[in-house]
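Here are my notes on the model you sent. Please read them with the structure open beside you.

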Amino acid sequence: MLQSLAGSSCVRLVERHRSAWCFGFLVLGYLLYLVFGAVVFSSVELPYEDLLRQELRKLKRRFLEEHECLSEQQLEQFLGRVLEASNYGVSVLSNASGNWNWDFTSALFFASTVLSTTGYGHTVPLSDGGKAFCIIYSVIGIPFTLLFLTAVVQRVTVHVTRRPVLYFHVRWGFSKQVVAIVHAVILGFVTVSCFFFIPAAVFSVLEDDWNFLESFYFCFISLSTIGLGDYVPGEGYNQKFRELYKIGITCYLLLGLIAMLVVLETFCELHELKKFRKMFYVKKDKDEDQVHIIEHDQLSFSSITDQAAGMKDDQKQNEPFVATQLSACSDGSANH
């Protein structure tokens with residue numbers, strides 16, 4: 001008897017704080033996922049980093065042996081300056097000196113990566129004035145971009161998602177939830193094909209040093225706004241039609257970002273995902289809802305009384321004018 005009572009009380013306690021328990025498991029799962037990613041990345045990439053470090057040490061030792069007139073300190077100073085310039089997008093290599101980082105098309109590409117928060121990091125402002133303008137430009141531009149993308153995605157979602165689902169539901173009598181799931185899957189497949197696989201094939205042809213996997217990697221990193229910057233198109237030696245190519249990439253990134261947001265919005269509107277998300281939200285108490293309703297009613301009542309008082313004041317202001325008109329009319333009729 002006591003065990004059954006204790007079990008029922010535990011069940012009631014869990015049900016009462018179900019949202020908190022789900023949120024706790026969500027936080028724990030996210031932390032475990034972070035640790036899992038760190039373990040995998042470390043185990044996969046650390047051996048390659050070690051090989052690269054050993055190779056660089058050998059090259060440095062061989063270079064110093066072949067050039068005895070150059071000291072190790074002078075070499076490190078030169079290499080440090082080269083690496084610093086490379087971090088700003090400036091290369092000392094002869095096959096990369098022909099590409100400017102701040103012509104109009106490159107600056108347009110940079111502005112698009114800043115506003116979309118992609119930020120490859122291959123080109124950064126060099127001057128203090130450029131850094132200050134980048135801060136001001138981003139503070140204004142990023143909320144402006146969010147507003148622009150929200151408005152565009154809302155309009156596109158109406159025509160691409162809501163109307164087709166409603167049409168098949170009303171015209172053919174299919175279940176709305178089933179139609180929404182099938183439509184979301186088809187839309188996701190079309191988006192992945194048009195903005196990932198096809199562009200990856202195109203980039204693998206236009207970029208000399210990229211294979212299909214690297215091109216697909218660039219598309220995903222860019223459209224997910226991760227923007228690591230290890231692969232940036234249009235930076236190769238003697239790139240043909242570089243200006244037009246940069247403008248095309250800018251348009252691709254903008255359209256691809258809109259398409260990704262439309263797909264995410266479509267999946268977020270699924271009934272099953274809405275129910276799943278509500279598991280982690282804080283549920284409002286009935287007392288809070290009643291307080292909100294009472295406050296709303298009081299606000300509505302006060303606004304009505306204010307309107308009525310305003311109408312009475314207007315009537316009082318108009319009464320002397322009406323009274324003078326009536327007295328004038330009565331005096332005129334008496335004279336007649």
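1. Trp102 is partly exposed, at 39% relative accessibility. The scale runs as follows: buried is under 20% relative accessible area, exposed is over 50%, and partly exposed lies in between (1.4 Å probe, protein chains only). This is a predicted model, so local features need pLDDT of at least 70 and side-chain atom pairs count only at pLDDT 80 or more, while totals for chains, interfaces and linings use all residues. Residues are numbered from 1 along each chain as its sequence is written, and side-chain values use heavy atoms, with hydrogens and water left out.

2. Next, the aromatic pairs. Rings of Phe, Tyr and Trp (its six-membered ring) pair if their centres lie within 6.5 Å; planes under 30 degrees apart are stacked, over 60 edge-to-face, and the rest tilted. By this rule there are 17 aromatic pairs. In one of them, the ring centres of Trp102 and Phe110 are 5.0 Å apart and the planes stand at 75°, so this pair is edge-to-face. Phe110 is buried, with a relative accessible area of 16%.

3. How do the rings of Phe197 and Phe216 meet? Their centres are 5.3 Å apart and their planes are at 40°, so the pair is tilted. Phe197 lies in helix 6 and Phe216 in helix 7 (residues 212-223), so the pair ties together parts 19 residues apart in sequence. Helices here are DSSP runs (H or I, at least four residues), numbered from the N terminus. Phe197 is partly exposed at 42% relative accessibility. Phe216 is also partly exposed, at 24%.

4. One aromatic cluster is formed by Phe109, Tyr120, Phe203, Trp210, Tyr217, Phe218, Tyr231 and Tyr252. Lys246 lies over the face of Phe109, 4.4 Å from the ring centre. Elsewhere, the charged end of Arg171 sits over the ring of Trp172, 6.0 Å from its centre. The rule for such a charge: NZ of Lys or CZ of Arg within 6 Å of the ring centre and within 35 degrees of the ring normal.

5. Look at the surface too. A nonpolar patch there is formed by Val192, Phe197, Ile198, Val202, Val205, Leu206 and Phe212, with about 610 Å² of accessible area together. Such areas come from the Shrake-Rupley method with a 1.4 Å probe; for residues, only the protein chains shown count as cover. Patch residues have over 30% relative accessible area and no salt bridge; nonpolar side chains (Val, Leu, Ile, Met, Phe, Trp, Tyr) are joined within 5 Å, like charges within 9 Å. A salt bridge is a side-chain nitrogen of Lys or Arg within 4 Å of a carboxyl oxygen of Asp or Glu. Helix 6 (residues 176-206) gives the largest share of the patch, 6 residues. Leu206 lies in helix 6 and is partly exposed at 40%.

6. Is Val262 buried or exposed? Val262 is buried, with a relative accessible area of 5%. It is found in helix 8 (residues 242-268). Leaving out residues up to four places away in sequence, Val262 touches Val153, Val156, Thr157 and Leu187. Contact means heavy atoms within 4.5 Å.

7. Finally, check two backbone angles. Most residues other than glycine have a negative phi. Thr117 has a positive phi of about 60°. Thr117 sits in the loop between helix 4 (104-115) and helix 5 (128-171), and is partly exposed at 45%. Phi of Thr225 is positive too, near 60°. Thr225 is found in the loop between helix 7 and helix 8, and is partly exposed at 26%.

Terms used. Helices (H or I, at least four residues) and strands (E, at least two) are DSSP runs, numbered from the N terminus.
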